[in-house]
Amino acid sequence: MAAMAEGAKNEPTRPRPRRRLPEGLTRALARIGWTLFSLGFFAGLWELAWALGWSNPRLLPPPHVFLGDFLDQSRNFSPTLRWQGFGTAEALPPLVNVLLTMAATTARVLAGLSIATVLSIALGVACRWFVAVERLTLPTVTFLAPVSPIAWLPIAIFLFGIGDKPAVFMVFIALFFAMTLGTITEIDRVNENYLNVARTMGATKAQLYARVILPAIAPGLLVVLRMNMFAAWMVVLLAEATGVGSGLGQIIMLARNTFNPSLVYFTITLIGVLGFLSDFALRKVQERFLFWAPNGAGSRGGR
């Protein structure tokens, strides 16, 4: 017994296996890390150019200047909001004014995006369902698709005046024509074998669209939506700068009129954050609801 006990003492102890993080959490942390590194690298180059005197601090203030004085920058957001039910905008804390301004712009983008998505998919499906609809509408859609959304701004003001409606209309225009053509293109690209199998199993035309075609085109349409959503953010800022009394576009116009570069870059940072979050939300929608689509929507970095 003593010999066995002595042998047990001399036996080397095995290291405990390390606990690994879940694969999904590891990928998420890696994405967050690379995102922060990318933004930090860009900001570091900007700060280096300022430190070496290569950039004019009045025209190109470094990030630590326009992001460091948040309270002073946020005061510029107060005069732009006059919402009924909230009282006078100046009575609200500066942070609340910033959040309300961001929320106003985001709401206009989401409203225009929702309307454009529903109508463009409906028109695209109708063009492939009814030949008459295709012949009646597709030439007009193709004719208007290359027109820049900026060219529609006077028409938006003529039709809707001043307020939220012209901004929502501009977002709608920025998305509608591209998504209609994208819907038709995606329908034409559906694998013919899927359609033949469905017909063999006795699927009606309605069932063919509902259970085969629409699920097949959903991933591609989401990519089209993501690509055109950035254009929507661009045009809503232009619409807010000219035809709306509030929003981030109005802040950009205020910064230009007062020659305040720090406020310009501060607002650009907020716009970038909102655009990044909206794209992130669409990717999560794909991962959650379009489970049959490839991860990352065709991006190797997302796999």
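Start with the rings: there are 12 aromatic pairs here, counting rings of Phe, Tyr and Trp (its six-membered ring) whose centres lie within 6.5 Å, with planes under 30 degrees apart called stacked, over 60 edge-to-face and the rest tilted.

A quick word on what you're viewing. This is a predicted model, where local features need pLDDT of at least 70 and side-chain atom pairs count only at pLDDT 80 or more, while totals for chains, interfaces and linings use all residues. Residues are numbered from 1 along each chain as its sequence is written, and side-chain values use heavy atoms, leaving out hydrogens and water.

Now jump to W129 and F130. This pair is tilted, because the ring centres are 6.0 Å apart and the planes stand at 35 degrees. W129 is partly exposed at 29% relative accessibility, and F130 is partly exposed too, at 46% (buried means under 20% relative accessible area, exposed over 50%, partly exposed in between, with a 1.4 Å probe and protein chains only).

Next, select W152, F160, F169, F172, F176 and F177 together: they form one aromatic cluster.

Head back to α2, which spans residues 23–51. Which residues make a nonpolar patch on the surface? Pick W34, F37, F41, L45, L48, L52 and W54, with about 870 Å² of accessible area together. Patch members have over 30% relative accessible area and no salt bridge; nonpolar side chains (Val, Leu, Ile, Met, Phe, Trp, Tyr) are joined within 5 Å, like charges within 9 Å. A salt bridge would be a side-chain nitrogen of Lys or Arg within 4 Å of a carboxyl oxygen of Asp or Glu.

Last stop: helix α11, residues 248–257, where L248, G249, I251 and A255 are buried. They lie on the same side of α11, because they cover an arc of only 160 degrees around the axis, taken from the directions from the helix axis to the C-beta atoms. Just past α11, F259 has a positive phi of about 50 degrees.

Note on methods:
Helix = DSSP H or I, 4+ residues; strand = E, 2+ residues; numbered from the N terminus. Areas by Shrake-Rupley, 256 points an atom, 1.4 Å probe, with all protein chains shown as cover.
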